[in-house]
Structures are given as structure tokens and as C-alpha cells.
Amino acid sequence: MENATAQAVGFLAVAAFLISYQIKSNRALFLCQMIGSGLFCLQFFLLGAASGCVSLGVNILRAALLLQYDRWGWVRRKVTASLFCGAYGAVLILTWAGPASLLAFAASVASTLGYWRHNARTIRLSNLLCASPCWLLYDIFVHSWGGVVNESLTIASILISVRRFGWKALGDPDSEFQK
């Protein structure tokens, strides 16, 4: 029953992530991903996947701070991103469960570095090339079937958003995508 509950929570998380890359605003993207990360954090806890669970807990804090990116100057500083990367390193050490733990670490660091550029194109690129593939593999290792579906759909959704909005528009610092 616990595994069925964990899988159900994972599929609820899929809904939040499904729409996140179809939203123009970075702020709304972070909010959607915060909700999805919270649900996947719970799922990983239920599955006993500590590295993913704690990494996603840190990701939730990261997303909450990124919602204040334009308001709080200290959030924009590269040192803040570095502190998060250091936190992911600590999570890796404290929750080490073999090579799969490296995947949660790499995904979290890659997305953090992408998000701190505060550019829609860079965010999508860091997720497309590193974060989503790493989470996909991690999900396979820990049997998060909602996670497997989510990352597969996220990769497709990113590609659709690039096609829909245009690669150039996503990288324009003055575009509506940077809000």
C-alpha cells in the first residue's frame, strides 16, 4: 500500500511539472516547480530515497528564494548560488546511497546554475541537457514511475516551449520570458 501511495503522490507531482515549461514567466515557472518538487520530495521520502528527498527539499527553498530574485538583491548574487551548490554537496555526503546519489546532486547543481542566470533559455537548456536526464536516471534507480514520466514529459515540454516561443525570444533579456 505504501508503494502505491508513493506512486500516486509522484503522479500528482507530474501535473505541476507538466505545465511549468509552458508558462512564460520565470516567477510562475518557479512556483509550479516548487509545488511539484514538494510532491516529489514526499514521494522520495515514501520510497526511502533520501538523496532525492533532501535535494528536493533544498530545491524548494531555492525556488522560494528565486521567487524574490527581483526584490532581494542578495538572492541575485552568485555567492547565493554557490551556497546552494555547497548545500547539495553536503546532501550528497550525508545521504550517500551509491552512484544514484550523484545523479540527484548533478541535477540539482545544474538547475541551480541555470536558474541563477535568470534567463529563460539558459534555464531550459540546463534542464534539458543535464537536470532532467539526471533526474530521469535517478527515478529509474529508485522506482519513481511518476518521476520517469515527469522527466520524459519535461524534456518534451522544454522542446515544445522552444518551438512555441522561439529560441531567440527565450534568450532576449528584455523579453516577457524574463519576468
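**Close-up views of a predicted model**

**View 1. The largest pocket.** The largest pocket holds about 150 Å³ of space. A pocket is found on a 1 Å grid over the protein atoms alone, as an open set of points where a 1.4 Å probe fits, with protein on both sides within 12 Å along at least five of seven lines. Its volume is the space filled by probe spheres set on the points, which are joined across faces, edges and corners. The model is predicted: local features need pLDDT of at least 70 and side-chain atom pairs count only at pLDDT 80 or more, while totals for chains, interfaces and linings use all residues. Residues are numbered from 1 along each chain as its sequence is written, and side-chain values use heavy atoms, leaving out hydrogens and water.

**View 2. The lining of the largest pocket.** Arg76, Lys78, Ala81, Ser82, Leu113, Trp116 and Arg117 form the lining, each with an atom within 4 Å of a point. By type, the lining has 3 nonpolar residues, 1 polar and 3 charged; Asp, Glu, Lys and Arg count as charged, Ala, Val, Leu, Ile, Met, Phe, Trp, Tyr, Cys and Pro as nonpolar, and the others, Gly among them, as polar. Helix α5 (residues 78–94) contributes the most, with 3 residues. Helices are DSSP runs of H or I with at least four residues, numbered from the N terminus.

**View 3. Aromatic pairs.** The whole structure has 6 aromatic pairs, in which ring centres of Phe, Tyr or Trp (its six-membered ring) lie within 6.5 Å. Trp72 and Trp74 are stacked (planes under 30 degrees apart), at 5.9 Å centre to centre and 10° between the planes. The ring centres of Trp135 and Tyr138 are 5.6 Å apart and their planes stand at 85°, so this pair is edge-to-face, a class for planes over 60 degrees apart. Trp135 and Tyr138 are 3 residues apart in helix α7 (residues 120–142), about one helical turn.

**View 4. The largest nonpolar core.** This core has 18 residues, and Phe40, Phe44, Leu56, Trp135 and Tyr138 have the most contacts inside it. A nonpolar core is a set of buried Ala, Val, Leu, Ile, Met, Phe, Trp, Tyr and Cys residues joined through side-chain atoms within 4.5 Å; buried means under 20% relative accessible area with a 1.4 Å probe, protein chains only. Helix α7 gives the largest share of this core, 5 residues.

Definitions and conventions. Helices (H or I, at least four residues) and strands (E, at least two) are DSSP runs, numbered from the N terminus. Buried means under 20% relative accessible area, exposed over 50%, partly exposed in between (1.4 Å probe, protein chains only).
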